[in-house]
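User: I am new to this structure and would like to learn how to read its features. Please begin by showing it.

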Amino acid sequence: MADKIATRESYGNALKELALDYPDLVVLDADLAAATKTGIFQKAYPDRHIDCGIAECNMVGIAAGLAAAGKIPFVSSFAMFAAGRAFEQVRNSVGYPHLNVKIGATHAGISVGEDGASHQCCEDLALMRTIPGMVVMNPSDDVEAKAAVKAALDHEGPVYIRFGRLAVPVINDTPDYKFEIGKGVVLKEGKDITLIATGLEVSETLEAAKMLEADGVSAKVINIHTIKPLDEDLVVKAAQETGKVVTIEEHSIIGGLGSAVCDCLSAKAPTKVLKIGVEDRFGESGPAVELIKKYGLDAEGIYKKIKAFI
Amino acid sequence: MDINNLKKTANEVRKGIVTAVYNAKSGHPGGSLSSADIMTYLYFEEMNIDPADPKKADRDRFVLSKGHCAPALYSTLANRGFFPVKDLETLRHTGSYLQGHPDMKHIPGVDMSSGSLGQGISAAVGMALAAKLSNADYRVYTLLGDGEIQEGQVWEASMFAAAKKLDNLVVIVDNNGLQIDGKIEDVNSPYPIVDKFKAFNFNVIEIDAHDFNQIDDAFKKAKETKGVPTAIIAKSIKGKGVSFMENSAGWHGKAPNAEEYETAMADLKKIEESL
């Protein structure tokens, strides 16, 4: 396995690598270029990086204007501010006119760590998912994060991509890796239960699946990098094959991947679903890895919850 | 510039506003009427636009940040030839492309969807920035309400516009002094408006919003100003042109009934005959 890398770092690298192929790409930040890693792009292309200062709502509006005039803006801030503070700007200035604005939101979830609950956005997928026409992605590693950035640039319309602060293992560095918006990826076959994970929980879930395997439980593992549009065919098929479904995300259990999967299955293939994620509560300060363990979102925590479920 | 012609056109725009809101049985006539002269000037005198090619790349852009005054924008666009004047009667009707607030996806000539106050100015700033980044020489205009500038985003956008030296941007404040809940100074005073924009490093010009000579002079000065954006603070009369709507907060967001509609159109007919 390759070294760990945070998907925010992958994001900054991808922007820089794609800059020449996408001459209309411009990158906006709100005084967080060093943290969101758009600074990597800024260093290489200073004329195409616009620091809007600490004013996220205005930044999203500026991006809407840039897109209306033919640019492809990537706006960046922490998920809390990009999806939370600027929600209505994203909804009305970007979503409603279906403008070609890409939102690269970093520092999502409790893995923000020490900064604590005020900065740990566990609601962004829920918020963005409700906006008509919005594509919502949550890549699991370096390879997928870079692929998601490119796919977003090739897609006409608004896109939200969630990136993390914590370095995560590279799991998609396979020769046949292919990324397509809205297509889930089966990482492991299994017949007893389906584990559907997203973002940094994908690698934890793969580990949990190994632990289940040792107990004689055959778990299918699906990586959902696109929360919206959800790969409903894949989800329904897996639910019908295994009869039980677990969703795993570093997001509130309300409104995110778990809800998207339940929305789908309740209509098309009613199935018992266990939603693993951040319970209906705020986060807290602490090292990211410790918090993930404390909130039961590490491989062992996932394994235990699944054992109790089956 | 033929001032009498502009006055006649503005009067036609006002007739369209009143007719649209009457047929919609809802909408915002007061602020639409107060801004009709400036919008007429922009679309008939100032802006580089082409009704036959509404999306031409080098066109000047207009963002109606006070999006509730859509009747004024639609009536101006219709009278300018972007779509039939008759269609104004479908405003706000189910299935009509003339949405209650500007919708760029469906209405020819609308450069930005708006309606949530404070957001249009940011989009206008983004368009002006795009022109600078592309070395294009089009200009961007945005019209704000004086109540709207209570929104904090207006000042975020203004700070940015001046910091980035967007001299291709003109911000117009329709200063009719009234918002839904009453006089702006009683609700939450934005005054002194001129000093605020000066403090945000704008070139600030004060005019009478209903005097075409002053309007013309202001936009010419804006064009000559380099290195800073311009703010035109336009003192206006809410409901201008319709006797019983003038200076009345009650006509901010209310449609006339049949009798009131007849009176309003008679008022505008009288103005037409005086020109």
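This is a predicted model: local features need pLDDT of at least 70, side-chain atom pairs count only at pLDDT 80 or more; totals for chains, interfaces and linings use all residues.

User: How many residues of chain A are in contact with chain B?

Analyst: Contact means heavy atoms within 4.5 Å. Here 25 residues of chain A touch 26 residues of chain B in this sense.

User: How many salt bridges are counted between chain A and chain B?

Analyst: A salt bridge is a side-chain nitrogen of Lys or Arg within 4 Å of a carboxyl oxygen of Asp or Glu. Between chain A and chain B the count is zero.

User: Which residues line the second largest cavity?

Analyst: On a 1 Å grid over the protein atoms alone, a cavity is a set of points where a 1.4 Å probe fits but cannot get out, and lining residues have an atom within 4 Å of a point. The search of the whole structure finds two cavities of 30 Å³ or more, a volume being the space filled by probe spheres set on the points, with grid points joined across faces, edges and corners. Lining the second largest cavity are residues including Tyr43(B), Arg59(B) and Phe82(B), and its volume is about 40 Å³. The largest cavity has a volume of about 120 Å³ and a lining of 15 residues, with Asn138(A), Gly164(A), Gly199(A), Leu200(A) and Glu250(A) nearest its centre.

Terms used. Residues are numbered from 1 along each chain as its sequence is written. Chains are lettered from A and ligands numbered from 1 in the order in which they are written. Side-chain values use heavy atoms; hydrogens and water are left out. On a 1 Å grid over the protein atoms alone, a cavity is a set of points where a 1.4 Å probe fits but cannot get out, and a pocket is an open set with protein on both sides within 12 Å along at least five of seven lines; lining residues have an atom within 4 Å of a point.
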